[in-house]
Amino acid sequence: METHQIGLVAACGIVCSFFAGLMGIGGGVLMAPLLLLVPSLSHTAAFPVPLVAGLAVTQDLVGSFVAAVVHRRFKFQNRDLLIRMCSAIFVGALAGAVLSHYARGETILVTLAILVTLGAGCMLTLDLNVVDLVTDNVSGRNGVLTIVVAALVGVLAGFVGQGAGFLLLPAMLVILRLTLRVTVANSLGIIFCAALGGLLGRWGTQQVSASWLLVLLLTAIPGAIMGGYVSARITHKVLGHAMIALLVFASIQLWIKVLAI
């Protein structure tokens with residue numbers, strides 16, 4: 001770890017944690033393109049793709065945890081939904097992370113670019129003019145469907161080194177038909193479990209270190225707290241457009257990196 005690398009990761013961690021609290025995405029989907037883009041702009045040594053994936057999933061872990069604590073006070077979380085989806089996504093992410101150890105960095109990068117683009121496309125299909133409800137009957141949702149969705153998202157998330165917010169949110173909105181604020185509040189806890197499974201899988205295969213975990217933990221707390229409070233004070237339509245803009249940005253940056261390989 002060099003000093004300029006620590007400063008770069010810390011700065012990215014604050015920005016990504018803010019968006020984690022704002023949108024319920026964990027922040028890893030923004031961390032990956034930033035860590036791939038910023039070194040080239042500052043003419044410093046590039047981060048290897050496996051390390052970027054490890055840092056992204058670490059960002060998802062700490063960012064989603066802090067943001068989930070902030071969002072808990074806004075009363076949109078549902079215990080039954082969290083238990084079902086957290087259990088399934090943890091197992092899926094752990095399996096995906098172990099599988100990633102045997103994949104090339106280029107393969108992980110291309111897969112991530114495809115998945116982020118897919119997530120952005122799904123968000124673009126949503127009608128953000130529909131009024132968001134304060135409560136939602138999530139307990140009555142199909143339990144098997146929620147488990148299957150969470151497990152599949154978990155495998156993909158663990159493989160590319162993400163907490164899967166960019167896939168989980170569209171899936172919860174489009175497939176499970178949950179409202180936006182309920183999705184944001186509950187997705188953070190689910191993303192945390194996905195990131196935990198992914199991080200354990202990468203830790204066990206020596207793809208990430210405790211030093212980076214500490215750096216991101218220290219930067220995640222203030223960023224996620226600010227993002228969470230801003231999220232509660234803006235309209236669901238603004239929140240939806242912000243999610244779309246973030247995913248489109250991440251998708252473009254990732255494809256630029258892929259084409260440069």
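The model is a predicted one. Of the 261 residues, 55% count as buried. Contacts between residues at least 6 apart in sequence join residues at least 24 apart in 86% of cases. The accessible surface of the chain amounts to about 11,000 Å², and carbon and sulfur atoms own 70% of that.

| Helix | Residues | A detail with its value |
|---|---|---|
| α3 | 49-72 | Threonine 58 lies in this helix |
| α6 | 143-160 | 18 residues, reaching 26 Å from first C-alpha to last |
| α9 | 210-231 | Leucine 218 is found in this helix |

Let's start with α3. Threonine 58 has 0% relative accessibility, which means buried, since the cut-off is under 20%. A polar atom of the threonine 58 side chain sits 2.7 Å from the backbone oxygen of glycine 54.

Next comes α6, whose reach is close to the 26 Å expected at 1.5 Å a residue. Its buried residues include Thr146, Val149, Ala150, Val153 and Phe159. Just after α6, glycine 161 adopts a positive phi of about 80 degrees.

Together with Leu214, Leu217, Ile221 and Ile225, Leu218 forms a nonpolar surface patch with about 440 Å² of accessible area.

Key: Residues numbered from 1 in each chain as written. Heavy atoms only, no water. Patch = residues over 30% accessible without salt bridge, like charges linked within 9 Å, V, L, I, M, F, W, Y side chains within 5 Å. Areas by Shrake-Rupley, 256 points an atom, 1.4 Å probe, with all protein chains shown as cover. Salt bridge = Lys/Arg side-chain N within 4 Å of Asp/Glu carboxyl O. Helix = DSSP H or I, 4+ residues; strand = E, 2+ residues; numbered from the N terminus. Expected span 1.5 Å × (residues − 1). Buried < 20%, exposed > 50% of the residue type's maximum accessible area, 1.4 Å probe, protein only. Polar contact = N/O pair within 3.5 Å; in protein donor to acceptor, adjacent residues only side chain to side chain. Contact = heavy atoms within 4.5 Å.
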